[in-house]
Amino acid sequence: MPETTILTHADPDGICAGAVALSRFPGSTVFFTRPTSFYSDLFHTESRSIVVTDIALTKQDAPRIVGLLKKRKQSGMETLYFDHHIIPPTISRASLRSSLSLYVHSREASASELIYRHYTKDLPRERVWIALYGAIADYADDTPFARERIRNWDRRALFFEVSTISLGIKNEEFATYDAKRRIVRTLARGGNPSDVPGFVRSAKKAVNREFELYELIKDRAQSLGKVAYVKDVPSFGFRGPSALFAATVRNSRLGICAHTRERYVDITMRTRDYSLRLNTLADRAAEAVGGSGGGHAAAAGAKIPKGAFRKFLDELNKQIK
Ligand SMILES: [Mn+2]
């Protein structure tokens with residue numbers, strides 16, 4: 001087992017946060033995980049030091065994750081955790097903090113920003129670009145830190161790189177963990193997303209599909225009360241934009257993209273109205289129909305039982321003031 005393992009999320013913020021971690025701890029192994037597999041991945045990682053970035057704790061797993069972290073700490077192993085998701089009500093912030101060697105958490109910034117700010121002194125100044133890419137990609141660039149730093153650089157070049165990474169990973173070619181590890185290594189060395197061979201072309205392909213998708217959503221979006229939705233429309237990995245386009249074409253505040261899976265319905269929610277707190281809406285409406293939901297204020301999701309979709313929409317309509 002390597003000395004240090006980085007466990008991070010495979011979305012752009014996770015990739016960027018992981019790259020900042022790798023810049024700080026060169027030679028680490030980079031491993032991707034997600035909230036639902038975090039417990040098992042943590043369990044199977046035996047490195048003396050683990051850096052976790054951008055991974056939410058699920059309500060269900062949080063207590064046993066804290067237990068596992070405590071055990072690691074007692075046996076002299078360290079775990080550093082940088083995150084910006086809600087702390088689930090099944091654990092306390094204090095118990096989580098005391099089970100970690102370092103806990104950097106804020107709901108107000110991206111994981112990339114949080115880890116970069118923590119290690120600023122140990123990193124080349126230009127590495128702040130990665131933090132900004134992660135922040136912008138996660139819609140978390142409206143922070144004092146990001147606002148001020150964006151002024152130091154050419155904003156259009158920053159956004160070009162953000163688009164490359166956000167769109168580029170939507171193609172199969174760059175959707176694998178191996179490809180994402182290559183991206184993390186390039187960024188950690190001081191490269192940009194556009195330096196990864198083939199990545200800009202991949203982003204171009206993705207943006208074409210996104211515009212085609214818009215035409216499809218325009219055709220297929222429906223609404224119920226204040227909620228616009230598309231259900232079981234092929235969204236090619238663009239579930240967020242599909243939900244947003246549904247809101248846009250139906251002129252609604254809230255848009256939903258729903259996919260029927262084998263045993264449940266997968267819901268993605270986006271809004272054009274930033275006064276709505278989608279994570280709260282998702283959590284409450286899903287819970288009311290026997291599912292679970294959460295995420296961020298402007299980007300959330302839920303899993304609900306099959307057959308509960310209509311009731312879920314009714315619940316959302318009740319919740320939106
Ligand atoms: Mn994030």
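Mentor: Gladly. Five strands make up an open sheet: its 5 strands run in the order β2-β1-β3-β4-β5, with parallel pairing. At the edges are β2 (29-32) and β5 (102-105), each of which pairs on one side only. Ignoring direction, neighbouring strands here are turned by 15° against each other on average.

Some ground rules before we go further. Residue numbers start from 1 along each chain, following the sequence as written. You are looking at a predicted model, where local features need pLDDT of at least 70 and side-chain atom pairs count only at pLDDT 80 or more, while totals for chains, interfaces and linings use all residues. Helices (H or I, at least four residues) and strands (E, at least two) are DSSP runs, numbered from the N terminus. Two strands pair if DSSP finds at least two bridges between them. Axes are lines fitted to C-alpha atoms, for helices over the stretch in contact, and angles run from 0 to 180 degrees between N-to-C directions. Residues are in contact if their C-beta atoms, placed from the backbone, lie within 7 Å.

Now to the strands themselves. β1 (residues 4-8) and β3 (residues 49-53) pair in the parallel sense through 5 bridges, and within β3 it is Thr 53 that stands opposite Thr 8. Helix α1 (residues 12-24) packs on this sheet and touches β1, β2, β3 and β4 (78-83), with its direction at about 165° to that of β1.

What else does α1 meet? Its axis and that of α6 come within 8 Å and cross at roughly 160°. That makes the two helices roughly antiparallel, a label for angles over 145 degrees; under 35 counts as roughly parallel, 65 to 115 as roughly perpendicular and the rest as oblique. The crossing of α1 and α6 is left-handed, a term for a near helix turned anticlockwise from the far one by less than a right angle, with right-handed used if it is clockwise. On the α1 side, Pro 12, Asp 13, Cys 16, Ala 17, Ala 19 and Val 20 take part. Their partners in α6 are Ile 130, Ala 131, Tyr 133, Gly 134 and Ala 137.

A residue is buried if 20 or more other C-beta atoms lie within 10 Å of its own, exposed if 12 or fewer, and partly exposed in between, with C-beta atoms placed from the backbone. Among the buried residues are Val 128, Trp 129 and Ile 136. The buried residues of α6 pack against α1, α5 (111-119), α7 (144-150), α8 (155-168) and α10 (177-188). Just after α6, Tyr 139 has a positive phi of about 55°.

A nonpolar core is a set of buried Ala, Val, Leu, Ile, Met, Phe, Trp, Tyr and Cys residues joined through C-beta atoms within 7 Å. Of its 59 residues, Cys 16, Ala 19, Val 20, Leu 132 and Tyr 133 touch the most other members. The largest share of this core, 9 residues, comes from α6. Leaving aside residues up to four places away in sequence, Leu 132 touches Asp 141, Ala 146, Arg 149, Ile 150 and Leu 158. Another core lies apart from this one; it has 33 residues, among them Ala 221, Ala 228, Tyr 229 and Ile 256.

For contrast, look at two strand pairings elsewhere. β9 (residues 264-271) and β11 (residues 299-305) pair in the antiparallel sense over 7 bridges, and Arg 270 stands opposite Ala 299 of β11. β10 (residues 292-295) runs antiparallel to β11, joined by 4 bridges, and β10 and β11 form a hairpin with 3 residues between them.

Definitions and conventions
Contact = placed C-beta atoms within 7 Å.
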